[in-house]
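Me: Please take me through this model. I would like the ground rules before the details.

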Amino acid sequence: MSCQMRRGFGALASLLVVQAVPLQLVITPRQLTTGGAIFGLGDVVAQQIERPSGGLKIETRRLAVSAVLGTAYGGCFLPLTYQLAEALFPGRTLQNVVLKVCVSCGILSTAGNYFSMFCRRLCSSGDFPSDLSERVAAVCASVNADYPSVLRHDLSLWPAYDLLCFSVCPVALRATVTAFVSVCWQTYVSVVANQAARAAKMV
């Protein structure tokens, strides 16, 4: 049994080594800038949606948190996920396209959305406890309450988009096309993520 396990781990290690060459974990300054801009723009639009008759007013702290999060998440995590999917299942055969969609949605729709909502709420100015451990627990509870709805909405949009992206869109244009779709999605996530902060202020 131990011999079979060693063979299995050896095969997995070989696969990772082989796939690491085409993947190369490429992150460019343009991706970092684009990620911050997408999340920032999405938050600006979200803030105006939340106060449609209140005139143009921007919460700078919330905008800054979104931009920093976008630089890290949108500029690194998101493009690396798409690169990983393409490296593991290259080409446009139906099977590989479906597998790439499973990779992107399996990572970004689940852990990605949770991470984005958690960070936004943790750094928000809402009336969460000041003690770090209590604040983390309160933020986790609030995100857990809203996450199922966000996941359902995500799965109604992104799998269909990813199918088109991986099957039709050239690799060189995917980042640009995804950026436009991401602005709309990050607007929605920003609205949902800040619901708890707004509700806490009204109590």
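Reply: A helix is a DSSP run of H or I with at least four residues, a strand is an E run of at least two, and both are numbered from the N terminus. The model is predicted, so to speak, by rule: local features need pLDDT of at least 70, side-chain atom pairs count only at pLDDT 80 or more, and totals for chains, interfaces and linings use all residues. Residues are numbered from 1 along each chain as its sequence is written, and side-chain values use heavy atoms, leaving out hydrogens and water.

Me: How many helices and strands are there in the protein chain?

Reply: The protein chain has seven helices and zero strands. Its pattern along the sequence therefore reads α-α-α-α-α-α-α.

Me: And what share of the residues is buried?

Reply: Of the 203 residues in the protein chain, 39% are buried (under 20% relative accessible area with a 1.4 Å probe, protein chains only; over 50% is exposed, and partly exposed lies in between).

Me: What about contacts along the sequence: what share joins residues at least 24 apart?

Reply: Among contacts (heavy atoms within 4.5 Å) between residues at least 6 apart in sequence, 72% join residues at least 24 apart.

Me: Let us turn to aromatics. How many aromatic pairs does a search of the whole structure find?

Reply: The search finds seven, where ring centres of Phe, Tyr or Trp (its six-membered ring) lie within 6.5 Å, and planes under 30 degrees apart are stacked, over 60 edge-to-face and the rest tilted. F39 and Y73 have ring centres 5.7 Å apart and planes at 65°, so this pair is edge-to-face. The pair links distant parts of the chain, with F39 in helix 2 and Y73 in helix 3, 34 residues apart.

Me: Now Q186. Where is its place, and which residues does it touch?

Reply: Q186 sits in helix 6. Leaving aside residues up to four places away in sequence, Q186 touches I38, F39, G42, S116 and R120, so F39 of the aromatic pair is one of its neighbours in contact. Q186 has 5% relative accessibility, and therefore counts as buried.

Me: Which residues lie nearest the centre of the largest pocket?

Reply: Q31, P79, R174, A175 and T176 lie nearest the centre, out of 27 lining residues. Helix 1 (2-23), helix 2 (29-50), helix 3 (60-88) and helix 6 (171-193) each supply at least two residues of the lining of the largest pocket. Helix 6 gives the most to that lining, with 10 residues.

Note on methods:
1 Å grid on protein atoms, 1.4 Å probe; cavity = no way out; pocket = protein on both sides within 12 Å on 5 of 7 lines; lining within 4 Å.
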